[in-house]
Amino acid sequence: MNLSNHTLTNIQRFFVYLFLVVLVVITLIPVWLLIVNATRSTLEIQQGISLLPSKYLMTNYRILLSKGLDLPLGFMNSLTIAVLTTVITVYFSMLTAYGLVVYNFKGRKTLYNLMLVLVMIPMQLSIIGFYQWMSKLGLTDSYASLILPGIASAGSVFFAKQYLESIMIQDLIDAGRIDGASELSIFHKIMLPIAVPGMFTLGIFAFVASWNNFFNAFILITTRNKYTLPMLIQTLRGDVYRHEYGAIYLGLAASVVPIIIIYFLFSRYIVNGISMGAVKE
Amino acid sequence: MFKKLKYDHYGYLFVAPFIIGFLIFGLYPVLNTVFLSFTDRTLMSRTFNITWFKNFQLLFADKTFITAVTNTWELWLMNFIPQMGIAFLLSVFFTNLRLKIKGVGVWRMIFYMPNLMMASAIAALFFSLFSYYGPVNQFIVRSGFVAEAIDFIRKPSWMRGLVVFIQWWMWFGQTTILLMAAMTAIPVSLYEAALVDGAGSLQMFLHITLPLIKPVMIYILVTSLVGGMQMFDIPYLLTDGRGSPGNSILTNTINMYMKFHSSKGHIGAASAVGLVVFLMTSIVALLIFFLLREKHDEPVKNGNREK
């Protein structure tokens with residue numbers, strides 16, 4: 001009886017692992033093909049699928065540049081926007097969350113409920129009103145319209161609030177007050193240093209979201225040399241690149257690989273961060 | 001207590017930037033969209049008229065709009081259901097004490113990876129993979145599965161299937177991580193107590209696990225719905241950016257963008273699309289949240305008390 005139970009568990013376990021392996025293959029194959037094809041010549045790509053890299057990476061890169069796709073510039077544009085958005089989002093989310101956690105002011109509950117509702121509302125659908133308003137302010141075709149909304153990111157405040165509550169030590173704040181520190185400098189000099197791990201997680205998510213954002217940039221940015229990476233990718237499907245598969249794959253890989261590297265470096269922060277906003281709600 | 005009161009007004013200082021930012025970049029654009037949707041404003045002319053509900057009348061008479069709304073719901077549902085299903089299965093496997101699956105962290109890490117990929121790059125990738133002379137056709141023709149290459153890009157059901165697959169592929173890992181976190185947060189003592197009372201594993205799942213992970217399930221449902229109703233990058237870049245073939249992957253946001261990007265730049269009409277979908281999604285999302293949340297409070301409290 002015991003033995004048969006044991007065998008049953010082993011059989012089940014075998015099928016579970018089989019299932020997991022199949023899912024891993026499905027998950028990884030598209031990305032792997034993308035990276036491998038970025039190193040293969042167009043001729044090789046047309047001759048068939050291969051899972052092994054080839055040696056045409058630099059050739060593809062030269063083709064890409066020769067067709068007028070300024071990959072390095074797009075990369076720098078995306079990086080600039082993503083870094084600034086990250087800094088702004090993290091700082092202001094922490095500031096807001098600190099205000100919500102530490103002070104019991106009138107309207108705190110209302111503000112908190114507003115955050116909750118904002119997470120459940122498709123704000124992107126007001127992009128037309130946003131666009132028209134930005135053009136009145138003279139902010140279309142400017143990175144400011146992509147970066148500044150980070151000041152009011154409800155989802156990030158939510159996460160920051162959850163995190164601050166878990167690490168908050170009232171005694172430290174009181175000690176700071178006794179020493180005569182101002183409220184803002186208590187936040188800057190005492191709270192922020194303690195909150196670095198949480199800010200780091202928050203920052204990774206803000207960075208990735210900004211890096212991958214296609215729609216807003218697509219609507220707001222018009223000048224060619226201000227294009228972000230996802231916008232350049234969109235131009236890759238045009239006629240100029242019709243038969244340059246190797247170059248196309250390289251362009252795609254260049255936008256995906258940096259994120260894969262960040263992920264493998266910081267996956268622990270990322271995976272733990274995902275559930276933080278939701279589970280302790 | 002006295003001290004706290006003295007400092008509480010500092011809270012306004014800390015939340016002020018958020019409120020100002022929200023008014024400028026959040027609330028005003030929404031109000032502006034509402035206003036524009038009542039006008040015939042275009043990007044080409046400075047003058048415009050208030051036309052009240054004309055944009056909405058035209059919209060509801062427009063078959064393309066109805067198609068876009070139906071498509072968006074269908075594309076979302078078709079990826080959400082299997083996404084939830086697989087995520088449930090995986091979280092049960094990963095948290096099962098009898099199976100003791102090894103390397104849970106590594107599996108989860110791999111499954112989550114597609115979520116961080118640039119959606120536009122992924123769509124462009126699948127566009128190449130499934131193009132007429134692309135790798136998928138080469139593979140199935142050479143290995144003899146089919147006699148002739150399939151023109152995937154022109155087949156509505158294939159393109160819909162691909163959008164659904166990509167969405168599923170990008171999101172099942174995240175859903176798994178959330179469900180698993182909720183399941184592992186349940187105290188083991190609850191299950192032990194149930195075992196003593198002679199409960200089976202199905203009973204424990206139905207009466208302990210499900211009620212306790214309900215808040216997280218609601219969170220997943222609502223955020224996925226809100227994201228799904230705004231779906232743009234993947235269907236836009238997978239074919240010609242107009243929801244082809246035959247409007248089969250035309251979504252709400254693509255429809256809105258096409259009005260915005262039409263030769264005249266009809267921002268009045270585009271705003272009307274945005275507003276209708278905004279209201280539809282918000283109402284459904286808030287209904288789900290508030291209706292389901294009220295109910296769940298009870299059993300949790302009862303469960304704790306019984307223990």
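**Overall fold**

The model is predicted. Chain A contains 14 helices and zero strands, and its pattern along the sequence reads α-α-α-α-α-α-α-α-α-α-α-α-α-α. The radius of gyration of chain A is 24 Å, whereas a compact globule of 281 residues would have one near 19 Å. The C-alpha trace of chain A spans about 75 × 75 × 35 Å along its principal axes. Among the 281 residues of chain A, 42% count as buried. Of the contacts in chain A with a separation of 6 or more, 76% are between residues 24 or more positions apart.

Two packed helices are described by the angle between their axes and the distance between the axes. The table gives these values for two pairs.

| Helix pair | Angle | Axis distance |
|---|---|---|
| α4(A) (residues 71–102) and α11(A) (residues 196–212) | about 140 degrees | 8 Å |
| α8(A) (residues 154–167) and α11(A) | roughly 165 degrees | within 10 Å |

Angles over 145 degrees count as roughly antiparallel. α8(A) and α11(A) are therefore roughly antiparallel to each other, while α4(A) and α11(A) are oblique. The crossing of α4(A) with α11(A) is right-handed, and the crossing of α8(A) with α11(A) is right-handed.

On the α8(A) side, the contact with α11(A) uses A:S156, A:F159, A:A160 and A:Y163, which meet A:G198, A:L202 and A:A206 of α11(A). By class, the residues of this contact are five nonpolar, two polar and no charged.

The contact of α4(A) with α11(A) involves A:S78, A:I81, A:A82, A:T85, A:T86, A:T89, A:V90, A:S93 and A:M94 from α4(A). Their partners in α11(A) are A:M199, A:L202, A:G203, A:A206, A:F207, A:S210 and A:W211. This contact has nine nonpolar, seven polar and no charged residues.

**Contact between chains A and B**

The contact takes 68 residues from chain A and 77 residues from chain B. On the chain A side, the elements giving two or more residues are α1 (2–38), α4, α5 (108–119), α6 (127–137), α11, α13 (229–235) and α14 (245–279). α14(A) gives the most, with 13 residues. The chain A side divides into 46 nonpolar, 17 polar and five charged residues. Both α4 and α11 of chain A are among the elements on this side, and they also pack against each other.

**Single residues**

A:L172 lies in helix α9 (residues 170–178) of chain A. A:L172 counts as partly exposed because it has 13 C-beta neighbours inside 10 Å. A:L172 and A:I190 are 18 residues apart in sequence, and their C-alpha atoms are 7.5 Å apart in space.

B:P245 is in the loop between α11 (233–238) and α12 (252–260) of chain B.

Positive phi values occur at B:W52, with about 50 degrees, and at B:K100, near 45 degrees; B:W52 is not a glycine, and B:K100 is a residue other than glycine. B:W52 sits in the loop between α2 (10–37) and α3 (54–61) of chain B, and B:K100 in the loop between α4 (63–95) and α5 (104–112) of chain B. B:W52 counts as exposed because it has 11 C-beta neighbours inside 10 Å. B:K100 is exposed, with 9 other C-beta atoms within 10 Å.

Definitions and conventions
Residues are numbered from 1 along each chain as its sequence is written. Chains are lettered from A and ligands numbered from 1 in the order in which they are written. This is a predicted model: local features need pLDDT of at least 70, side-chain atom pairs count only at pLDDT 80 or more; totals for chains, interfaces and linings use all residues. Axes are lines fitted to C-alpha atoms, for helices over the stretch in contact, and angles run from 0 to 180 degrees between N-to-C directions. Helices (H or I, at least four residues) and strands (E, at least two) are DSSP runs, numbered from the N terminus. Angles under 35 degrees count as roughly parallel, over 145 as roughly antiparallel, 65 to 115 as roughly perpendicular and the rest as oblique. A crossing is left-handed if the near helix is turned anticlockwise from the far one by less than a right angle, and right-handed if clockwise. Two residues are in contact if their C-beta atoms, placed from the backbone, lie within 7 Å. Ala, Val, Leu, Ile, Met, Phe, Trp, Tyr, Cys and Pro count as nonpolar, Asp, Glu, Lys and Arg as charged, and the others, Gly among them, as polar. The radius of gyration is taken over C-alpha atoms; the globule rule is 2.2 Å times the number of residues to the power 0.38. A residue is buried if 20 or more other C-beta atoms lie within 10 Å of its own, exposed if 12 or fewer, and partly exposed in between; C-beta atoms are placed from the backbone.
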